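Me: I want to learn how to read helix packing, sheets and chain contacts in a model. Please take me through one.

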Amino acid sequence: MENKEKKGNAFTNNPIVKAVGAQKIVVLLAVILLYVVFFVMSSSFRQYTTLVSLLDSSYYIGFMAIGVTFCLITGGVDLSIGTGMICYALMGAFCIVKLGMPVGVGMLICVVAGIIFGFFNGFLVAILNLPPFIATLCTMMITRGLGSIFTGGLSIAWPSSSTPQGWFRTIFKINTSGVLLPIGIVFLVLAVVIMSLVLNKTRPGRYIIAIGSNKEALRLSGVNVVKWQWLAYVISGFFTGLAAIAYAGVLSSSVAPGSGAGLELNAIGAAIIGGTSMNGGSGTVVGTLLGVLIMSLLNIGLPNIGLQANWQQIITGLVLILAISLDVFKNKKLARA
Amino acid sequence: MKKKVLSVLLSVTMVAAMVIGCGNTATETKTDDAATTEEKTEAPAEEKTEDTEKTDAAATGDMSFEIVSKGFQHQYWQAVLKGAENKAKELGVKINFVGPNTESDIADQVQMLNSAINNSPAGIGLAALDTEACMDGITAAQSAGIPIVGFDSGVPGAPDGAIVATVATDNYAAGELAAENLYPAIKDIIASATAPVRVGVLSQDATSESVGNRGLGFIDKLASLVVADGKTATVEGNDKFVTDSKCEKTDGANVVIEVAVPAQVDASLSKTDCETLLNKADTIAIYGSNQHSGEAMVSANETLQKFGSGEGKVIGVAFDSGEVIKSAVANGTFLGAITQAPVAMGEALIQTLADAAAGKTVSDQDTGCQWYTAENMESEEIAQNLYD
């Protein structure tokens with residue numbers, strides 16, 4: 001889609017590649033390649049349950065990544081999503097376990113808290129004109145501290161699947177006569193489809209892309225830039241709230257106050273692998289989903305082939321370098337054309 | 001029109017945020033207030049009794065002690081307090097047990113230590129949040145001739161002679177206890193196995209002393225039990241554990257102890273580590289050396305359903321308590337878990353303080369730990385040490 005240069009090779013000139021976008025095809029091939037490599041190398045990876053775990057870890061990174069894609073496309077970033085997710089999950093857990101509220105209310109609290117912080121981020125960036133990196137770095141610290149204060153420093157677990165309150169866990173995986181169905185994928189794909197349409201087919205979406213490519217030109221043409229830039233952060237906050245529910249839903253562990261820093265980089269990394277430009281102006285939600293799958297594949301696959309934790313980090317880093325190089329390379333090519 | 005709708009929406013959200021925010025602060029302050037009033041009501045009473053105590057002390061030899069803990073955030077500390085109170089009643093001594101609001105309030109704890117010294121007690125119990133910050137207080141206590149007994153994590157790095165003794169859990173021994181209790185359950189499988197079998201160890205990190213020792217104690221003990229029965233064992237996985245363990249590296253050993261440590265403390269990474277271990281066909285048991293790892297085992301089991309007892313099941317052993325691990329032990333998912341003994345720690349602390357104040361020689365003490373299973377976790381002796 002972005003490759004409009006007249007020259008090009010057989011691959012980029014292929015009509016299907018043109019329609020879908022070269023980057024997405026490359027990432028999709030990488031997903032398949034990684035899957036096959038792990039499949040061949042590790043017998044434990046071949047088990048069905050590993051696929052379920054793979055999707056488990058995709059849900060919360062996926063929701064965060066969908067949201068942050070919008071911020072990245074405006075040329076900004078949202079660093080508060082990792083600690084924010086933990087903070088909202090703690091708030092929800094506190095209300096359910098300590099205040100005895102129904103789980104549904106706890107989930108709603110996660111989403112509302114996410115939207116409120118999204119609003120706050122948007123206010124800092126769009127109205128006060130703070131650099132997004134700094135503004136969201138501050139909210140990252142705030143959410144980290146707030147989560148601890150909310151529970152009085154205690155770590156709290158969401159209701160377990162064996163209790164009646166644990167029904168919310170079946171949103172992501174349901175056990176039907178011994179077979180686990182990872183139905184969370186339905187919601188993730190649904191979110192991707194909806195947000196793809198929003199980004200590409202609606203006015204707010206097109207404005208968000210335009211902010212990233214040339215904010216000044218858009219402002220001069222009479223568009224309320226502040227509003228649409230603000231919206232990008234609210235979207236990010238909303239999806240972080242959903243991520244908090246997914247995090248609580250797939251992990252039985254108690255949510256630990258003070259944790260979550262670093263998780264945002266998994267989501268941002270996924271969006272960038274998926275072809276979203278760090279400079280803004282381009283990116284797709286489908287690409288982000290593919291990026292999320294790559295991150296999850298690395299997270300799940302590398303331990304399965306027996307690599308120690310530190311090697312996993314190195315390999316993940318190398319894959320990110322490769323993805324960003326592709327992005328830089330593509331931009332250079334575009335500039336030359 | 002659109003603008004109006006947006007601004008109305010904005011205002012509503014902001015007001016909502018304010019209401020929610022204010023609501024929290026209100027309750028927060030209230031509880032804080034309640035806590036302070038409680039403290040206040042307690043404090044004068046304490047002081048009074050101390051005053052009378054001082055006159056009594058001369059006559060009957062009674063003593064008073066100041067205990068400066070790390071706070072009451074965790075149920076664990078409530079249990080330490082209970083043990084200390086029990087022992088104080090038994091010995092007929094007075095104690096004043098204090099602690100900061102959170103384990104980050106170092107300055108508050110220093111303040112508490114200073115006022116503890118000003119009360120000139122017969123001894124001070126201290127679980128320092130930051131040894132360096134407490135140094136002035138420790139020196140002041142030393143020159144005033146007040147003995148300090150460290151407890152829980154103690155006062156690491158304190159100068160020689162400043163702390164007369166430390167009462168704490170011996171984490172290495174706690175790890176050994178886990179291995180001793182796991183071994184009978186896997187002994188027959190190892191004996192009858194035709195191929196090597198695997199025992200997984202999940203450790204939250206490789207740097208913390210307590211978690212590290214819990215892992216090493218388990219590995220060393222399990223390896224020695226295996227070797228004592230005429231089989232061989234080896235350690236694989238995380239380099240630090242492989243190097244630090246006493247177990248010799250053996251090729252083709254009958255029992256492979258594999259240690260998994262995530263790159264960072266993250267529930268999802270530890271869950272993956274556990275799933276990877278569970279997915280290996282030769283894994284017969286997994287040990288999680290703290291609450292984080294134990295809970296990751298529960299998360300992994302949600303998908304794999306492999307923990308339990310019987311044919312084809314993997315035996316799970318965890319550490320610490322908390323709602324998640326307690327229910328996994330209660331419903332038979334885990335064979336059992338180790339809990340520290342905070343009540344015994346509280347008791348030992350007061351006993352050591354009393355001995356030190358009486359001029360007896362005191363030494364470091366392991367306050368022990370307990371193995372709990374679905375059968376014994378309801379008993380009073382165990383239940384008092386389990387917390388949510």
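**Reading helices, sheets and an interface**

Reply: The crossing of α5(A) and α10(A) is right-handed. A crossing counts as right-handed if the near helix is turned clockwise from the far one by less than a right angle, and left-handed if anticlockwise. Helices (H or I, at least four residues) and strands (E, at least two) are DSSP runs, numbered from the N terminus. This is a predicted model: local features need pLDDT of at least 70, side-chain atom pairs count only at pLDDT 80 or more, and totals for chains, interfaces and linings use all residues. Residues are numbered from 1 along each chain as its sequence is written, while chains are lettered from A and ligands numbered from 1 in the order in which they are written.

Me: At what angle do the axes of α5 and α10 of chain A cross?

Reply: Two packed helices are described by the angle between their axes and the distance between the axes. Axes are lines fitted to C-alpha atoms, for helices over the stretch in contact, and angles run from 0 to 180 degrees between N-to-C directions. Here α5 (residues 81–98) and α10 (residues 225–250) of chain A cross at roughly 60 degrees, with axes coming within 8 Å. α5(A) and α10(A) are therefore oblique to each other. The classes are: under 35 degrees roughly parallel, over 145 roughly antiparallel, 65 to 115 roughly perpendicular, the rest oblique.

Me: Which residues of α5(A) and α10(A) meet?

Reply: Contact means that C-beta atoms, placed from the backbone, lie within 7 Å. From α5(A) come I81(A), G84(A), M85(A), Y88(A), A89(A), G92(A) and A93(A); they meet S236(A), T240(A), G241(A), A243(A), A244(A), Y247(A) and A248(A) of α10(A). By class, that contact has nine nonpolar, five polar and no charged residues. Ala, Val, Leu, Ile, Met, Phe, Trp, Tyr, Cys and Pro count as nonpolar, Asp, Glu, Lys and Arg as charged, and the others, Gly among them, as polar.

Me: How does α9 of chain A cross α10(A)?

Reply: The axes of α9 (residues 203–220) and α10(A) come within 9 Å and cross at roughly 130 degrees. That makes α9(A) oblique to α10(A). The crossing of α9(A) and α10(A) is left-handed. Its residues divide into nine nonpolar, one polar and two charged.

Me: And where do α8 and α12 of chain A touch?

Reply: First the geometry: α8 (residues 184–201) and α12 (residues 285–304) of chain A come within 8 Å, axis to axis, and cross at roughly 145 degrees. V192(A), M195(A), S196(A) and L199(A) of α8(A) make the contact with V285(A), V286(A) and L289(A) of α12(A). Six of these residues are nonpolar, one is polar and none is charged.

Me: Now chain B. What is the strand order in its six-stranded sheet?

Reply: Strands pair if DSSP finds at least two bridges between them. The open sheet of six strands runs β2-β1-β3-β4-β5-β12 in chain B, with parallel pairing. β2 (94–98) and β12 (365–366) each have a single partner strand, so one side of each is left without a neighbour in the sheet. Inside, β3 (residues 123–126) and β4 (residues 148–151) pair over three bridges. I124(B) has I148(B) as its bridge partner in β4(B). Helix α3 (residues 106–118) of chain B lies across β1 (64–68), β2 and β3, at about 170 degrees to β1(B).

Me: Which strands edge the seven-stranded sheet of chain B?

Reply: The order is β7-β8-β6-β9-β10-β11-β13, an open sheet with mixed pairing. β7 (233–237) and β13 (369–372) are its edge strands. Five bridges join β6 (residues 197–202) to β9 (residues 283–288) of chain B, which run parallel.

Me: How many residues of chain B are in contact with chain A?

Reply: 30 residues of chain B are in contact with 32 residues of chain A. α8(B) gives the most to the side of chain B that touches chain A, with eight residues. That side divides into 10 nonpolar, 13 polar and seven charged residues.

How values were computed:
Two residues are in contact if their C-beta atoms, placed from the backbone, lie within 7 Å.
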